[in-house]
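Please examine the sequence and the model shown here before reading on.

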Amino acid sequence: MTRRLVTYAWIATGLSVAVIAGGAIVRATGSGAGCGSHWPQCNGSVVPEGTTESIIEFAHRLTSGLAFLAAIWLFMLARRVDVVRVRRAAGAALLFMVGEVAIGAALVLGEWVGDDTSVARAVIDGFHLVNTLFLLAALALTAWWAGGGPPIRLRRQSSEGRLLVWGLGALLVVAAAGALTALGDTLFPDASITDDISSGSHFLVRLRVLHPILAVATAVYLVVVTRRLAADRRGFQGSLAALVGSIVGVQVIVGVINLALGAPLWMQVVHVVVTDALWISAVVLTAAELAVERVPAA
């Protein structure tokens with residue numbers, strides 16, 4: 001059962017990453033209003049007809065439904081395991097998945113999609129991204145703990161453990177800023193760099209300048225912390241720390257290319273997927289460092 005649960009938890013995590021990438025496609029193509037203000041139906045019918053936007057939005061809803069069912073099944077499997085932290089992580093994953101569905105419904109029913117440029121949409125989009133990352137964290141921790149990962153403690157931790165926790169917080173802020181930047185790029189595709197610092201520009205355009213600054217600062221921070229961990233730890237933690245540092249480097253390169261190319265759709269999807277990979281690996285690394293006992297080299 002444990003091996004099966006580990007495999008299934010990672011599959012559920014991968015499915016959620018695919019759904020998140022699909023959400024990026026929905027936003028970048030302006031398909032959020034493809035089903036109008038109808039939810040869960042699409043333009044008043046179960047199966048959409050007509051526009052490409054409707055098909056893209058419906059496909060996203062369909063995969064989101066599959067991810068929701070996967071979270072329910074993962075929770076049911078976890079209840080059969082006699083490990084409290086595994087059951088709690090799976091329960092948290094289901095809770096955050098319910099949050100994803102509720103936020104998605106609110107965006108559609110509130111008509112905060114399409115060409116809407118309101119503050120409410122920006123706030124909800126940012127909250128949506130944070131909830132999504134918490135969902136991925138819960139799914140990854142379910143797999144990690146089901147595979148034998150030891151429990152964690154927050155008190156009397158090493159300096160590296162505390163630094164990693166701060167690093168996760170920084171990643172949340174950068175990701176939320178990135179969601180707003182992507183929204184600004186979608187709604188104002190013709191905005192130039194000078195518009196980013198113009199007081200007359202829309203607030204989403206002016207916010208775009210913050211994301212690269214926060215991203216570079218966080219990247220430097222994480223590289224320093226993970227290099228220190230990779231040098232001090234052996235086995236699994238050392239290798240994972242090196243991997244996290246490498247993904248940070250890849251993310252910086254992807255971000256630069258994305259900016260240089262004017263954020264094309266395919267590059268936005270790559271950016272989102274790498275962000276998710278970085279977040280998941282950083283969460284597992286932090287859990288390993290905060291463990292009450294040293295993680296075996298295997």
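This is a predicted model: local features need pLDDT of at least 70, side-chain atom pairs count only at pLDDT 80 or more; totals for chains, interfaces and linings use all residues.

Residues are numbered from 1 along each chain as its sequence is written, and side-chain values use heavy atoms, with hydrogens and water left out.

Consider α2 (residues 52-78) and α3 (residues 84-109), whose axes come within 9 Å and cross at roughly 160 degrees. Helices (H or I, at least four residues) are DSSP runs, numbered from the N terminus, as are strands (E, at least two). The axes are lines fitted to C-alpha atoms, for helices over the stretch in contact, and the angles run from 0 to 180 degrees between N-to-C directions. The angle therefore makes α2 roughly antiparallel to α3; this term applies over 145 degrees, while under 35 counts as roughly parallel, 65 to 115 as roughly perpendicular and the rest as oblique. The crossing of these two helices, α2 and α3, is left-handed, meaning that the near helix is turned anticlockwise from the far one by less than a right angle; clockwise would be right-handed.

Which residues of α2 and α3 meet? Among them are Phe-68, Ile-72 and Phe-75 in α2, and Leu-94, Met-97 and Val-101 in α3. Contact here requires heavy atoms within 4.5 Å. By class, the contact of α2 with α3 has 14 nonpolar, one polar and three charged residues. Ala, Val, Leu, Ile, Met, Phe, Trp, Tyr, Cys and Pro count as nonpolar, Asp, Glu, Lys and Arg as charged, and the others, Gly among them, as polar.

A second pair consists of α8 (residues 210-232) and α9, with axes that come within 8 Å and cross at roughly 155 degrees. The angle makes α8 roughly antiparallel to α9, and α8 passes α9 in a left-handed crossing. Residues that meet include Leu-222 and Val-223 in α8, and Val-244 and Val-248 in α9. The contact of α8 with α9 divides into 10 nonpolar, three polar and no charged residues.

On a 1 Å grid over the protein atoms alone, a cavity is a set of points where a 1.4 Å probe fits but cannot get out, and lining residues have an atom within 4 Å of a point. Leu-164, Leu-168, Leu-222, Val-244 and Ala-282 are among the residues that line the largest cavity. Both α5 (159-187) and α10 (265-289) supply at least two residues of this lining, which has six nonpolar, two polar and no charged residues.

Finally, most residues other than glycine have a negative phi. Glu-111 has a positive phi near 60 degrees and is found in the loop between α3 and α4 (119-146). Ala-263, also not a glycine, has a positive phi of about 55 degrees and is found in the loop between α9 (235-260) and α10.

Methods: On a 1 Å grid over the protein atoms alone, a cavity is a set of points where a 1.4 Å probe fits but cannot get out, and a pocket is an open set with protein on both sides within 12 Å along at least five of seven lines; lining residues have an atom within 4 Å of a point.
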